[in-house]
Amino acid sequence: MAQIEIRISSKIQKVTGKSEIMIRFFQGTSFDLYAKSEIFISPDYFEYYVNREKTEKMGVKVPGNIITASTEKARKNGYALRKSGTIVFKQRLETPDVKYHRQQVERLERLKKHILDCFEDADKSDLSSEWLIEVIDKFNHPEKYNTKTTKKTFFELVETYIHRRQLADSHARVFRVLSRVIARYEGFIRATEKARKDYTFAIDTVTRDDIEELSDYMRHENALAEQYPKLFAKLIENYPAAIKKGHNVIQARGENTIIKMRTRLKSLFLFFVEEGLTTNRPFDGLRIGTEKVGTPIYITIEERNKIAEYDLEKKWPAMDEDFRKKCKMPIRTIVVCRDIFIFQCFIGCRVSDLIKLTPQHIENGILVYTPHKTKNGEDAMQACVPLHAKALELIEKYEGQDKMGRLFPFITEQRYNDAIKAIFTMAEIKRNVEVRNPLTGENELRPINEIASSHLARRTFVGNAYFKVTDPNLIGKMSGHVEGSKAFKRYRKIEDETLKNVIDLLD
């Protein structure tokens with residue numbers, strides 16, 4: 001059964017002395033959601049919501065002071081009947097503070113009922129903290145959701161897309177990055193072109209020319225931000241409320257990044273049309289472009305085993321102080337990340353799926369899960385990976401250590417990637433590899449420890465398995481690639497080069 005708990009924020013408003021009530025909405029292990037209520041009370045009164053007697057013992061007069069008396073005496077002295085039978089009466093005269101807090105109690109009860117009513121009608125697969133925030137916002141600001149007079153902005157519709165498509169956090173994040181770029185583009189046009197001072201990136205009016213102009217803006221936004229620092233500081237400060245704030249450093253972008261953003265924007269417009277939100281199709285006849293990618297980089301089985309067996313704790317004291325400070329994490333955390341990385345090398349899943357794996361995903365020594373990226377209702381594919389003995393050993397090593405019940409005590413994705421680079425450096429896996437510079441598009445040599453990340457573990461699984469089987473789709477069944485994935489063509493290039501090297505040995 002779904003439950004609602006409340007607590008009070010530790011932040012106190014300087015002017016009113018009140019704090020906001022915070023909502024927790026949860027149901028066992030199914031979901032655990034948090035949101036602000038927009039209901040403010042005095043911290044002194046909060047105990048009333050949980051323990052009225054305790055509050056009164058503290059000398060605080062709480063709302064709803066109750067007395068018992070005869071009906072005639074009560075009416076004579078200004079009291080009104082509250083509950084018949086027991087002749088319980090409530091004071092008619094209240095101080096403004098008592099009246100305000102009584103109103104907040106009633107409002108909070110209405111809000112709790114509203115949440116439970118919305119929960120009954122909700123698609124349970126859509127439940128998220130964003131869903132709860134929207135439910136509470138509808139309760140507090142119903143005028144915003146009058147569909148007869150109010151139409152959602154592009155940025156609000158992006159959030160709708162994220163929720164409907166049930167995007168993983170990492171995937172949702174890139175769409176919010178796109179939202180922030182478009183918000184800055186929209187604001188930049190308004191600020192720099194008098195003829196378009198009211199310009200809005202609206203789904204019904206966006207044209208092919210707007211898409212091309214936006215693409216050109218993205219190519220040069222880094223330079224524009226340096227040229228107009230005050231304007232961009234203001235644009236960042238004034239993001240629409242629907243956009244969750246994140247990393248706001250505007251970096252230079254390569255053509256591959258532009259193509260990815262154009263592709264995401266096209267998928268949004270296809271969704272808008274499918275949902276009947278617009279008939280506008282600005283991408284019709286517009287060429288998106290094709291990403292240029294290099295040959296996949298991965299480590300050999302020998303390198304993987306070296307990392308797995310390397311005594312990192314013994315190596316740690318020998319590392320210079322600057323290196324240890326740059327790591328910003330204890331050696332114990334680095335060792336845990338090493339074990340997680342090795343496990344990932346044995347199963348080849350994406351990090352967004354890795355961080356969600358639990359013992360329930362293992363059946364008879366086989367890891368079975370649904371890759372979130374390819375999840376699509378009834379057509380969702382499952383990845384099935386027989387677990388290597390070393391992978392099973394790692395699972396046993398960390399059994400019961402994660403508070404959330406996952407296979408491993410995972411940290412954030414960014415810290416995981418930072419730890420991987422440190423692990424490669426400490427294990428002296430530093431060979432140069434040829435990688436494509438995302439900005440210039442040119443190939444360049446880089447030490448592998450500088451570019452190592454969680455995705456390298458996935459490529460290590462696929463790359464090493466590719467030479468062991470004749471059917472790439474068998475690997476796809478384990479790694480979560482859809483059948484006929486273009487990604488495998490890149491591994492085919494490696495095989496062709498290997499075959500050429502074999503022929504050269506015949507000289």
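On a 1 Å grid over the protein atoms alone, a cavity is a set of points where a 1.4 Å probe fits but cannot get out, and lining residues have an atom within 4 Å of a point. The structure is a predicted model, in which local features need pLDDT of at least 70 and side-chain atom pairs count only at pLDDT 80 or more, while totals for chains, interfaces and linings use all residues. Residues are numbered from 1 along each chain as its sequence is written, and side-chain values use heavy atoms, with hydrogens and water left out.

One cavity of 30 Å³ or more was counted, and the volume of the largest cavity is about 50 Å³, a volume being the space filled by probe spheres set on grid points that are joined across faces, edges and corners. Its lining is formed by Ile340, Phe343, Leu354, Ile355, Leu357, Arg406, Leu407, Phe408 and Phe410.

Leaving aside neighbours within four places in sequence, phenylalanine 341 is in contact (heavy atoms within 4.5 Å) with Ile299, Ile307, Tyr416, Ile420, Phe424, Ser453, Leu456 and Ala457.

Glutamate 221, a residue of helix 8 (residues 208–227), is buried because its relative accessible area is 0%. The side chain of glutamate 221 makes a polar contact with that of arginine 184 (2.6 Å), the term denoting a pair of N or O atoms within 3.5 Å, of which, within protein, one must be able to donate a hydrogen and the other to accept it, residues adjacent in sequence counting only if both atoms are side-chain atoms. Beyond four places in sequence, glutamate 221 is in contact with Val181, Arg184, Phe232, Ile250 and Arg253. Threonine 263, found in helix 10 (residues 255–274), counts as partly exposed because its relative accessibility is 41%.

Note on methods. On a 1 Å grid over the protein atoms alone, a cavity is a set of points where a 1.4 Å probe fits but cannot get out, and a pocket is an open set with protein on both sides within 12 Å along at least five of seven lines; lining residues have an atom within 4 Å of a point. Helices (H or I, at least four residues) and strands (E, at least two) are DSSP runs, numbered from the N terminus. Buried means under 20% relative accessible area, exposed over 50%, partly exposed in between (1.4 Å probe, protein chains only).
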